[in-house]
Amino acid sequence: MSDVSFVRTEMLQEQTPPASEVGIIGWVRHNLFSGWFNSILTLISLYAIYYVLSGIVPWIFQSVWNANSLTECREIMMATWGSTHGHACWAVINDRWLQMLFGFYPDHLYWRPILALVLLLIALAPILYSERVPSKLLYLTAAYPFLMPFLMWGGTIWGPISAALGFVIGWGVYTVLSKQLSGLLGLVLGVLATVIWWLVLSGYVVGAMDSILPIGIEAVQSRQFGGFMLAILLGVVAIGVSLPIGIVLALGRQSDLLIVKYLCVGFIEFIRGVPLITLLFVASLLLNLFLPPGTNFDIILRVMIMMTLFSAAYMAEVIRGGLAALPRGQYEGADSLGLNYWQAQRLIIMPQALKISIPGIVSTFIGIFKDTTLVSIIGLFDVIGLSSAIRADTAWNGIYWELFAFIGALFFVVCFSMSRYSMYLERKLQTGHR
């Protein structure tokens, strides 16, 4: 009688999977040719990619890099390829790339905006990658808002020191009076003391110190700023300042104090209802009408203020959406721990709201950075304004695509970097299960 076993007594030897199921071949088979419809779409897509690249790749690589004018570019193209069509004239970038990056900034002072950019990256490191860099870099982060204007505009060093001293005075007034009076009243008086110092007393102190101990570097006028450097400058200031202002506005809009709530609502709705270009025209043309005669209010500073306020209004709504997405239990949990309002916001509510709002916050950052190109309409020579000035030169009159491709590449690098960092931050802060 034969023995029939229903349980296998020996293990089968492992076998390699079929080549059509693993590796590149398996990925292509499962993702691109998994059925007749997907196969047709894949072939159509490959043809579309080939059609686009067949026009773009020769235009980029079969190009002229060394020429002194568009006419000379075309002569070289005709002599080399027998046609001026389908070939780029990158000689304009080779000839004017420094101007497109730095505008009319003095060339012997290029080291200052470069140093400011390097210090910016170092100052952002403890904020963006807190677990990988020394915490002592936070001292540079705190000092950078005062170092950057000193490097970019130059002049006496007592100006940035006086500006920093205003914050110290405001914090001291708030610390002392918040213990003797209410915290809100101490905050208001601290802000008032800072404003009085900046607008009334600071100028006298800076003038006196500069006459006693003149320390500074060569001054650069705002009209010499331009190029992509100006876009970076406006974008960094608008992004860095609009986030805390947006947080305050979002909290004010949800406040139980009617005056605070209606002021925040009115500001947000007014700014969001007005185009940015209108605010820039107000900053450029109309703001001086409301200032005392003889007041010299720097045009770049005016644009910074308007762009910051514009971004802060949108930031407030993004953060308000994050606050609204939190369940009520988070607020009740903070109350059960005995935390006051500001402790609850700092430790429980705001960290979660900001985490939820990361995509919207970064989208607002990217949007305001790209909107820096609008300053060309009010006469500032940003990278778009400089491209028009370059095309007005008889040597490069008639060139378009190369300039705008270079500009687009610059903005793409910065905006794509911000987008990738936001994705990294979302993965890092992810606590739920998918």
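In the predicted model, Thr-364 is buried, because its relative accessibility of 15% falls under the 20% cut-off. Thr-364 lies in helix H15, which spans residues 358–370. Its contacts, leaving aside residues up to four places away in sequence, are Ser-311, Tyr-314, Met-315 and Val-318.

Ser-419 sits in helix H17. With a relative accessible area of 27%, Ser-419 is partly exposed. Beyond residues up to four places away in sequence, Ser-419 touches Val-362 and Ile-366. Val-362 and Ser-419 are 57 residues apart along the chain, yet their C-alpha atoms are separated by 6.9 Å.

Helix H16 itself runs over residues 383–392. Its buried residues are Val-383, Gly-385, Leu-386, Ser-387, Ile-390 and Arg-391. In general, residues three or four places apart in an α-helix point the same way, because there are 3.6 residues a turn.

The largest nonpolar core contains 93 residues. Helix H9 supplies the largest share of this core, with 13 residues. Phe-225 and Leu-323 have the most contacts inside the core. Phe-225 touches Tyr-105, Met-152, Trp-153, Val-220, Leu-230, Leu-233, Ile-300 and Phe-381, with residues up to four places away in sequence not counted.

Methods: Residues numbered from 1 in each chain as written. Predicted model: local features only at pLDDT ≥ 70, side-chain atom pairs only at ≥ 80, totals over all residues. Heavy atoms only, no water. Buried < 20%, exposed > 50% of the residue type's maximum accessible area, 1.4 Å probe, protein only. Helix = DSSP H or I, 4+ residues; strand = E, 2+ residues; numbered from the N terminus. Contact = heavy atoms within 4.5 Å. Core = buried A, V, L, I, M, F, W, Y, C linked by side-chain atoms within 4.5 Å.
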